[in-house]
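This briefing covers a pair of packed helices, a sheet and some loop residues. Please look over the sequence and the model before reading on.

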Amino acid sequence: MEPAGLDDVLKHLDLAWSHVGASTGDLDLPDPIAFADMQHAWPTQRLLLAQRVLDCDIKPADVELIDLPKNELLVRPLARVSLESRLMYEASVLAVVEKIDSRLSDAVFSHRWLSWEKRLYAPTGRWMKMMEEARTFHRANPKLMLARTDVSAFYENVDVSLLLEELEALAPPKWALDSLTIFLRAFNALNNVWGIPQGFDVTGILANLYLLPVDLALKREGFKHFRYSDDMLIFGADWLALRKALLHLTAILRSRRLVLAGAKTHVFPADGVLDELLDADMNAINYGIATGKDEAPADLHKFFDGAVSGKFVDKRNFTFSLTKLASIKDGYAVEWILENMGSVPHISREALKYLGIFYKPESKHGGRIADFLLDSKISQYPFAQQNLLLYLITNGVKELAARDSAWRLIENKNTQSFVREFAARYLGLHGEPTDAILLKKQFREERDINVRRALLVACYEAKNCGSEMLELISRSMPELRITADYLRTEPSSIPVPTSERRPYGRI
């Protein structure tokens with residue numbers, strides 16, 4: 001006889017698995033083999049995970065905090081947990097997503113549920129939709145002023161006890177509430193983290209529920225507002241009315257242990273609202289490219305120069321410039337990036353994605369990129385080192401400097417594990433025959449399970465991991481059994497993560 005609720009748990013685990021690869025966190029912190037081993041094992045693993053959920057065995061062990069750069073100076077914490085813990089957590093959130101989403105107003109644009117496709121809307125599109133609707137509202141109400149604000153360190157300061165009380169009031173499935181209670185309390189109590197975990201798009205669903213009182217209060221008081229997560233646009237008749245709204249918001253947020261970010265809270269006069277909401281230069285460039293204007297490339301070059309000419313690179317304008325330069329196959333920014341990678345480690349993914357379009361073995365770009373791996377400016381940003389290694393992997397760069405740097409990263413136990421994983425993958429794919437011997441030696445000595453998994457894959461790709469070794473690992477190392485069993489199927493190629501989101505629907 002099947003345990004009560006098993007089918008429901010399995011359904012939501014399958015839904016959670018279908019989202020793996022499409023989450024923002026998967027783009028920021030991709031798996032070195034895109035979870036190909038779990039893909040192979042899913043028919044059996046889903047049953048084991050479902051039983052763990054029903055047994056309340058869902059505590060997130062060994063949470064690794066990754067400092068994801070927001071800009072040149074600040075970072076935000078990205079939580080890395082095992083894929084099994086992640087899937088159980090996400091399944092539990094998805095079991096209550098429709099109840100949460102049904103309570104949200106049209107003012108909320110972030111992490112909304114597309115019910116007929118059983119997935120979240122894409123975040124970039126929802127942000128653009130919010131800004132477009134805000135502009136449309138302003139044009140229809142040109143005399144209103146605008147307050148713009150957000151919450152300081154929002155996810156980190158969510159009161160988990162209060163959140164769980166409000167989740168319980170929604171009457172979710174018992175297994176989902178029990179799982180979320182155990183996971184979130186353990187996440188805060190057993191690790192050097194607090195609040196709700198960042199790096200999973202489904203966490204935004206819980207964030208929307210936590211800020212629901214803000215939406216209700218603004219609507220009740222007659223303010224038109226737009227919200228994307230904790231970023232809020234509030235329209236009001238005058239400065240006094242908006243000050244009153246902000247003071248009321250402050251009181252509501254204080255009761256939820258949150259505060260508005262003072263440096264990001266501003267009130268704009270009616271005649272300045274459109275400038276705040278409209279990216280006129282970007283729109284002009286988009287129009288010029290779309291209509292094939294002769295001056296469009298020169299305008300884009302000028303826009304790029306403006307983005308990099310200040311004391312700090314303008315992240316938004318820099319990213320926009322590269323996207324548009326890539327769309328017209330214009331290499332104008334290539335040399336600047338190769339000379340200044342150390343200035344944009346926080347935008348390395350976008351910069352390297354652009355560079356990859358123009359990579360040719362004879363260009364020697366690969367060697368110059370490899371030189372950055374241990375650069376003093378880059379080494380403070382493991383996120384950037386990971387992106388550099390992914391560039392070397394995907395472009396098949398074979399440089400002595402790259403091999404030497406990869407080995408130094410692997411052998412340095414102070415290097416974050418996700419960087420060492422990609423260094424191993426690089427050597428497995430593009431190393432020399434001598435590297436294959438050293439990779440097996442490193443595998444035997446390695447104690448970090450994530451790095452050990454990557455080294456096992458690297459040994460296989462370097463053709464130094466036979467069936468006997470894989471069978472032995474499968475029998476004697478439970479933590480590597482899934483990976484070993486996948487490699488025993490003798491895959492001809494193992495996936496390499498890309499700089500793009502995977503589409504929803506792994507299953």
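In helix 3, residues M38, W42, L49, R52 and V53 meet L83, E84, L87 and M88 of helix 4, where contact means heavy atoms within 4.5 Å. Helices (H or I, at least four residues) and strands (E, at least two) are DSSP runs, numbered from the N terminus. This is a predicted model, in which local features need pLDDT of at least 70 and side-chain atom pairs count only at pLDDT 80 or more, while totals for chains, interfaces and linings use all residues. Residues are numbered from 1 along each chain as its sequence is written, and side-chain values use heavy atoms, with hydrogens and water left out.

**Helix 3 and helix 4**

- The contact of helix 3 with helix 4 has seven nonpolar, no polar and two charged residues. Here Ala, Val, Leu, Ile, Met, Phe, Trp, Tyr, Cys and Pro count as nonpolar, Asp, Glu, Lys and Arg as charged, and the others, Gly among them, as polar.
- Two packed helices are described by the angle between their axes and the distance between the axes.
- The axes of helix 3 (residues 36-54) and helix 4 (residues 83-94) come within 11 Å and cross at roughly 60°. Axes are lines fitted to C-alpha atoms, for helices over the stretch in contact, and angles run from 0 to 180 degrees between N-to-C directions.

- Four strands form an open sheet with antiparallel pairing, in the order 6-7-5-8. Two strands pair if DSSP finds at least two bridges between them.
- Strand 6 (224-228) and strand 8 (266-268) stand at the edges with a single partner strand each, so one side of each has no neighbour in the sheet.
- From one strand to the next, the twist averages 15°.
- Strand 5 (residues 145-149) runs antiparallel to strand 8 and is joined to strand 8 by three bridges.
- R148 stands opposite H266 in strand 8.

**Loop residues**

- Most residues other than glycine have a negative phi.
- K118 has a positive phi, near 55°, and lies in the loop between strand 3 (113-114) and strand 4 (119-120).
- K118 is partly exposed because its relative accessibility is 40%; buried means under 20% relative accessible area, exposed over 50%, and partly exposed in between (1.4 Å probe, protein chains only).
- K463 also has a positive phi, near 60°, and is exposed, with a relative accessible area of 76%.
- V193, in the loop between helix 8 (174-189) and helix 9 (203-210), is buried at 9%.
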